[in-house]
Amino acid sequence: MKSPPLRHSFRSAWLPVAATLLFTLWLGYALLPILTPFAAALLLTYICYPAQKWLTSRRINANLAAILVLLGLTLAGCAFLLVLVPLLIQQMQAFYSAFINLFTMAQASWLPDLQTRLGLSFTLDIQHLTDWISRHSEGLSAAMPGLLKSLGSQGLALAQILVNLALIPVVFFYLLRDADMLTPRLLKLAPRRIAPTMSSLLAEIDSVLGEFLRGELTVMAIMAVVYGGGLWLVGLDTALPVGLLSGLLTFIPYVGSTIGLLLGTASALSQYGNLTGILPTLIVFLIGQSLESNFITPKLVGERIGLHPVAVI
């Protein structure tokens with residue numbers, strides 16, 4: 001019997017897979033407003049599960065343990081809002097002043113010197129820039145009442161947002177409480193012949209994904225402290241926003257350190273007015289990037305997901 005052509009077999013194999021993948025992506029996009037609180041709750045469950053497991057191992061009831069974890073997470077969020085946000089706002093004002101000062105120095109000193117050396121003719125109107133920022137800031141402030149009124153008139157959309165926000169802690173509590181029972185209940189729905197394979201795969205996925213998320217969050221927190229603390233030690237006025245932004249973007253390789261380096265360099269140049277003042281900021285980011293790439297990420301992420309540090313590097 002003649003076998004079917006290879007091209008026909010390949011086409012018949014990938015078409016159903018592609019159609020299923022496209023349908024799944026479309027369905028996920030269509031259900032995004034509904035699935036968002038569940039995805040957020042699942043992410044929080046992966047992050048907080050070790051705390052839940054530690055509490056239940058101390059013979060604390062699963063319900064009480066989940067409540068304690070949820071309460072601790074809420075207190076941490078409130079502390080962040082009450083302590084760090086005001087400091088961040090204050091530092092952002094210093095950040096704005098630093099850039100205005102940078103443009104002022106460029107207009108008064110650097111551009112005339114550059115024009116003399118290169119024979120070029122161009123101007124930088126700092127007053128026009130500050131007027132533009134002020135005008136748009138006033139326009140944004142004036143538009144806020146109208147925006148709030150518009151949100152208030154769209155009661156259904158506002159109610160949906162509030163319901164989704166309120167749903168996250170509820171779903172998080174039940175997922176965290178029943179985390180140990182989710183996999184056995186899911187396996188009961190599978191045919192017995194594939195149940196052992198599914199159990200092994202689900203356990204591996206759960207372990208790797210959970211460790212990866214917790215490792216990345218730990219790296220982000222450590223790098224925010226390293227960059228923010230290092231910039232504060234060298235006397236940079238905008239250490240907090242630059243350090244936090246650099247740390248939070250660490251999960252994208254080199255992006256966090258690059259953006260932080262550019263912002264930190266501009267702030268240092270505005271604060272000190274010379275290239276020598278930039279050197280401590282450059283040293284902080286050089287040390288931070290070296291630690292993150294060669295020690296912190298390989299140790300906290302690579303070993304958690306079963307990769308040797310050399311493989312991660």
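View 1. R177 comes out as partly exposed, at 26%. Their side chains meet in a salt bridge, N to O at 3.0 Å (a side-chain nitrogen of Lys or Arg within 4 Å of a carboxyl oxygen of Asp or Glu). The structure holds 2 salt bridges. A word on the source: this is a predicted model, where local features need pLDDT of at least 70 and side-chain atom pairs count only at pLDDT 80 or more, while totals for chains, interfaces and linings use all residues. Residues are numbered from 1 along each chain as its sequence is written, and side-chain values use heavy atoms, with hydrogens and water left out.

View 2. R214 and E211 are 3 residues apart in helix α7 (residues 195–233), so about one helical turn separates them (helices are DSSP runs of H or I, at least four residues, and strands are runs of E, at least two, numbered from the N terminus). R214 is buried at 15%, whereas E211 is partly exposed at 22%.

**View 3. α7 from end to end, with G235 after it.** The 39 residues of α7 should span 57 Å at 1.5 Å a residue, and its end C-alpha atoms, 56 Å apart, agree with that (the expected span is 1.5 Å times one less than the number of residues). G235 follows α7 and has a positive phi, near 90°.

**View 4. α7 and α10 pass each other.** The axes of α7 and helix α10 (residues 279–302) come within 10 Å and cross at roughly 160° (axes are lines fitted to C-alpha atoms, for helices over the stretch in contact, with angles from 0 to 180 degrees between N-to-C directions). That makes the two helices roughly antiparallel (over 145 degrees). Residues of α7 that meet α10 include F212, V219, I222 and Y227, and on the α10 side F285, I296 and L300 are among those in contact (heavy atoms within 4.5 Å).

**View 5. R59 has a positive phi in a loop.** R59 lies between α2 (32–57) and α3 (62–118), with phi near 65° although R59 is not a glycine. Most residues other than glycine have a negative phi. R59 is exposed, at 83% relative accessibility.

Methods. Buried < 20%, exposed > 50% of the residue type's maximum accessible area, 1.4 Å probe, protein only. Parallel < 35°, antiparallel > 145°, perpendicular 65-115°, else oblique.
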